[in-house]
Amino acid sequence: MYAIVKTGGKQYKVSAGDCLNVEKLEGEVGDKVALTAIATVDGAKVVADPAEAAKTKVEAEIIEQFRSDKVIVFKFKKRKNYKRTKGHRQNLTRIKITAVGSDSAE
């Protein structure tokens, strides 16, 4: 069984036992968080209605809070003597999916 969850403005396909990096979630290492499912697939049974899929519990555990690698943003306009360099590091959270519906990663 797997589910499509939405967090941080992005959608992820998750199943029990998966680890993924998402935009920062509030909480400490070891805390449990609940994610909102927008679709679920269990064999041949597909639930694509977000209201029905939201009834499926998707639980995750926070493994780590960290910052991603630096991304360089460089703006340039030719023949105008215009150059700007800026860096950005996104705050991320590494989570492990512990359960999707009745499936669990034990």
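Leaving aside neighbours within four places in sequence, I95 is in contact with D18, C19, L20, V22, L25, L35, A60, E61, I62 and I63, where contact means heavy atoms within 4.5 Å. I95 lies in strand β9, residues 91-100. Strands here are DSSP runs of E with at least two residues, helices are runs of H or I with at least four, and both are numbered from the N terminus. I95 is buried, with a relative accessible area of 0%. Buried means under 20% relative accessible area, exposed means over 50%, and partly exposed lies in between, with a 1.4 Å probe and protein chains only. The C-alpha atoms of I95 and D31 are separated by 9.8 Å, although the two residues are 64 residues apart along the chain.

This is a predicted model, in which local features need pLDDT of at least 70 and side-chain atom pairs count only at pLDDT 80 or more, while totals for chains, interfaces and linings use all residues. Residues are numbered from 1 along each chain as its sequence is written, and side-chain values use heavy atoms, with hydrogens and water left out.

I95 also belongs to the largest nonpolar core, which has 16 residues; V14, L20, L35, V58, I95 and I97 touch the most other members. Strands β1 (2-7), β2 (10-15), β3 (19-23), β4 (32-42), β6 (58-67) and β9 each give two or more residues to this core. A nonpolar core is a set of buried Ala, Val, Leu, Ile, Met, Phe, Trp, Tyr and Cys residues joined through side-chain atoms within 4.5 Å. In soluble globular proteins, nonpolar side chains tend to be buried together.

Not counting residues up to four places away in sequence, L35 touches V5, T7, V58, A60, I95 and I97. One of these, T7, is found in strand β1 and is buried at a relative accessible area of 11%.

S68 touches R89, Q90 and L92, not counting residues up to four places away in sequence.

Other loop residues are exposed. G43 lies in the loop between β4 and β5 (45-47), and it counts as exposed because its relative accessibility is 67%. G43 and Y2 are 41 residues apart in sequence and 9.1 Å apart in space, C-alpha to C-alpha.

The loop between β7 and β8 (82-88) holds R79, and N81 lies in the loop between β7 and β8 as well. R79 has a phi near 60°, a positive value in a residue other than glycine. N81 is not a glycine either, and its phi is positive at about 55°. Most residues other than glycine have a negative phi, and most peptide bonds are trans. R79 counts as exposed at 74% relative accessibility, and N81 counts as exposed at 76%.

F76 lies in strand β7, residues 71-77, and is exposed, with a relative accessible area of 51%.

The structure holds five salt bridges, a salt bridge being a side-chain nitrogen of Lys or Arg within 4 Å of a carboxyl oxygen of Asp or Glu. One of them joins the side chains of R94 and E64, at 2.2 Å from N to O. This pair links distant parts of the chain, with R94 in strand β9 and E64 in strand β6, 30 residues apart. R94 counts as partly exposed at 26% relative accessibility, and E64 is partly exposed at 31%.

Among the salt bridges is also that of E52 and K55, whose side chains meet at 3.3 Å, N to O. E52 counts as partly exposed at 42% relative accessibility, whereas K55 counts as exposed at 61%. E59 forms a salt bridge with K57, the closest N and O atoms being 3.3 Å apart. E59 is partly exposed, with a relative accessible area of 30%, and K57 counts as exposed at 54%.
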